[in-house]
Amino acid sequence: MFSFFSFAQETSDLNWLTNLEEARKIAKDSNKPILLYFTGSDWCAPCKMLKEDFFENPKFTEKAANMVLVLVDYPRRIDLISEEQMAYNKELVAKYNTKKVFPKLLFLDNKGREKGEMEGYSPLRDTQNHFKFINKFLK
């Protein structure tokens, strides 16, 4: 059984996994890289802008077919995700986002090895660098 989170449900068909181990299995079987997205969905203004400008962009939706997507949400409101999911997300943040920077994109290869990361989002709302970042890891 897979854990999915509908992150941009209203504008796209993206399915975000919420479990990295499941994502690793899919990535290995499909030979696709993994994109982890660290967000504070209810408090991080740059995260909200990045969601709207980048993840809801049709160009990203096209590219998403070549990646396994993992959403690591770190909300302040306790009713947005389960206690179990929050505990799991805290473990992922402790391992892969030690500086607790939000938003953060982290690429892993299909074997789960870190390949690159990108932190933050400009108030200018320019997604050009984000697309360059993901294009660097897509075949």
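Lys104 lies in strand 5, which spans residues 104-108. Helices (H or I, at least four residues) and strands (E, at least two) are DSSP runs, numbered from the N terminus. The model is predicted: local features need pLDDT of at least 70, side-chain atom pairs count only at pLDDT 80 or more, and totals for chains, interfaces and linings use all residues. Residues are numbered from 1 along each chain as its sequence is written, and side-chain values use heavy atoms, with hydrogens and water left out.

Lys104 is buried, at 4% relative accessibility. Buried means under 20% relative accessible area, exposed over 50%, and partly exposed in between (1.4 Å probe, protein chains only). The side chain of Lys104 makes a polar contact with the side chain of Glu117 at 3.3 Å. A polar contact is a pair of N or O atoms within 3.5 Å; within protein, one must be able to donate a hydrogen and the other to accept it, and residues adjacent in sequence count only if both atoms are side-chain atoms. Beyond neighbours within four places in sequence, Lys104 touches Leu36, Tyr37, Phe38, Tyr96, Asn97, Glu117, Met118 and Glu119 (contact: heavy atoms within 4.5 Å).

The structure contains 12 aromatic pairs. Rings of Phe, Tyr and Trp (its six-membered ring) pair if their centres lie within 6.5 Å; planes under 30 degrees apart count as stacked, over 60 as edge-to-face and the rest as tilted. Phe54 and Phe60 form a tilted pair, 5.0 Å centre to centre with 50° between the planes. Phe54 has a relative accessible area of 0%. Phe60 also has 0%. Phe54 pairs with Phe131 as well; the centres are 4.7 Å apart and the planes stand at 65°, so this pair is edge-to-face. Ring pairs join Trp16, Tyr37, Phe54, Phe55, Phe60 and Phe131 into a cluster.

Two rings carry a charge. The charged end of Lys59 sits over the ring of Phe131, 5.5 Å from its centre. That of Arg76 sits over the ring of Trp43, at 4.4 Å. The criterion is NZ of Lys or CZ of Arg within 6 Å of the ring centre and within 35 degrees of the ring normal.

One disulfide is present, joining Cys44 to Cys47 with an S to S distance of 2.4 Å (cut-off: cysteine sulfur atoms within 2.5 Å). The S-S torsion is about 75°, so the disulfide is right-handed. Cys44 is buried at 4% relative accessible area, and Cys47 is buried at 2%.
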